[in-house]
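This report looks at a few selected parts of one protein model. Please have the sequence and the structure at hand while reading.

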Amino acid sequence: MAEEVAIARLGHRGDGIAETPAGPLYVPHALPGERVLVEREAGGRARLVEVLAPSPERIAPYCPHAGTCGGCAVQHWRQDAALAWKRALVVDALARAGVAAEVAPTVDAHGAGRRRATLHARRRPGGGCRVGFNLARTHDLVDLAADPCPLLVPGLKAAVPAVAAAAEALAALGKPLDAVATATLGGIDLDLRGPGRVPEAMRLDLVGLAEAHDLARLSLHGEVLVERRPPVLRFGDVEIAPPPGGFLQATAAGEEALAALVTAGVGGARRAADLFAGCGTFALRLARGAAVTAVESEQAALAALDRAARHAPGLKPVATLRRDLFRRPLAGAELEPFDAVVFDPPRAGAEAVARALAASRVKRVVAVSCNPDTLARDLAVLVQGGYRLGAVTPIDQFRHAAHVEAVAVLAR
């Protein structure tokens, strides 16, 4: 049975929230201030039936998959309002952690679009396969073959037929296929995942597929099958070939915005540590002015960083250290050589690192995060340890999604 509700606010996942006598009701695709007709579902959720009184900030989505694809939560919302909401997510997380901070306006860092995406391929019951993203809250797929995702850079859209061809080549294994696709200066870099052990004949078919679809590199579970051209990216003015499927900022504009804030935050440091360094997004830029120690748990990422540093003229010394920073953060005497420390952890945050820094004499810390809640927790540890928190800047490189990143600069 349908009922009318008023949407009071937007949740952190982008759902409208209506306060009802039975508790909060979460309504996807509804906006604050709207009156809507809904049908209740399980778990305090509801399906939007009709918008009775639309928000003046509501706009028409431009993608045919909007409302069904799990990637976009707020494509129906005006962009300036969405950016303000993402800033509010950071403000609220800091407030809950008891951290006072100046939060800058959100930087729109979508740029030319997403240069990396994870595509899924699933067999159709009647033959053939579907390639795309997950539908919202299901394991079914949005088929991107006919209507490519408009948020991807143009060069990445050609990955869809390549993944479809790979799924056909591996169909006899009877397993689902996922693929991490990256648009590089050399072309598409594709890392296939999920099929397990692949017979040699099928591996040879995949090599032929790379030729037919003009891929720069094709890998299987991180093992390079063929590299026809180097899958090169530029971190600042340094060229690097990341490992297959290695971590990368989603957009080039997002990477540039984050790196600019990190570089400014480090200031005139002569020796810096880059923790959770990946393959050098920040380390290779910082090395233009400081000796850098890059710490990361993935050996392949460190190897790519090291190769790039050795072939780039004019850098200060770049050292690499393989370390699980969750279990063994740099601490005590290990931190003494550094004027500045940067950390950019996964969503779980870097609490152990923050506690070690709070006990150190490092002068400047720059925290980068993709999770406002764990960022706020880690910043609280640093402030309690004697750091003064400067500006916190939200970054939006996942347009229309509920994700937001942020950079915070602290000083002793």
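## Terms and basis

Helices (H or I, at least four residues) and strands (E, at least two) are DSSP runs, numbered from the N terminus. The model is predicted: local features need pLDDT of at least 70, side-chain atom pairs count only at pLDDT 80 or more, and totals for chains, interfaces and linings use all residues. Residues are numbered from 1 along each chain as its sequence is written, and side-chain values use heavy atoms, with hydrogens and water left out.

## H110

H110 is located in the loop between strand 7 (107–108) and strand 8 (116–123). The residue is buried (under 20% relative accessible area, with exposed over 50% and partly exposed in between; 1.4 Å probe, protein chains only), at a relative accessible area of 7%.

Contact means heavy atoms within 4.5 Å. Leaving aside neighbours within four places in sequence, H110 has contacts with L151, T251, A253, D396, Q397 and R399.

## V295

Strand 18 (residues 291–296) contains V295. V295 is buried, and its relative accessible area is 0%.

Apart from neighbours within four places in sequence, V295 is in contact with D274, L275, F276, A277, L321, R323, L325 and L330. Between V295 and A319 there are 8.6 Å in space, C-alpha to C-alpha, and the two are 24 residues apart in sequence.

Two strands pair if DSSP finds at least two bridges between them. An open sheet of 3 strands, paired antiparallel, has the order 1-5-6. Its edge strands, strand 1 (2–6) and strand 6 (46–53), each pair on one side only.

Strand 1 and strand 5 (residues 35–40) run antiparallel and are joined by 5 bridges. A6 is opposite R35 in strand 5.
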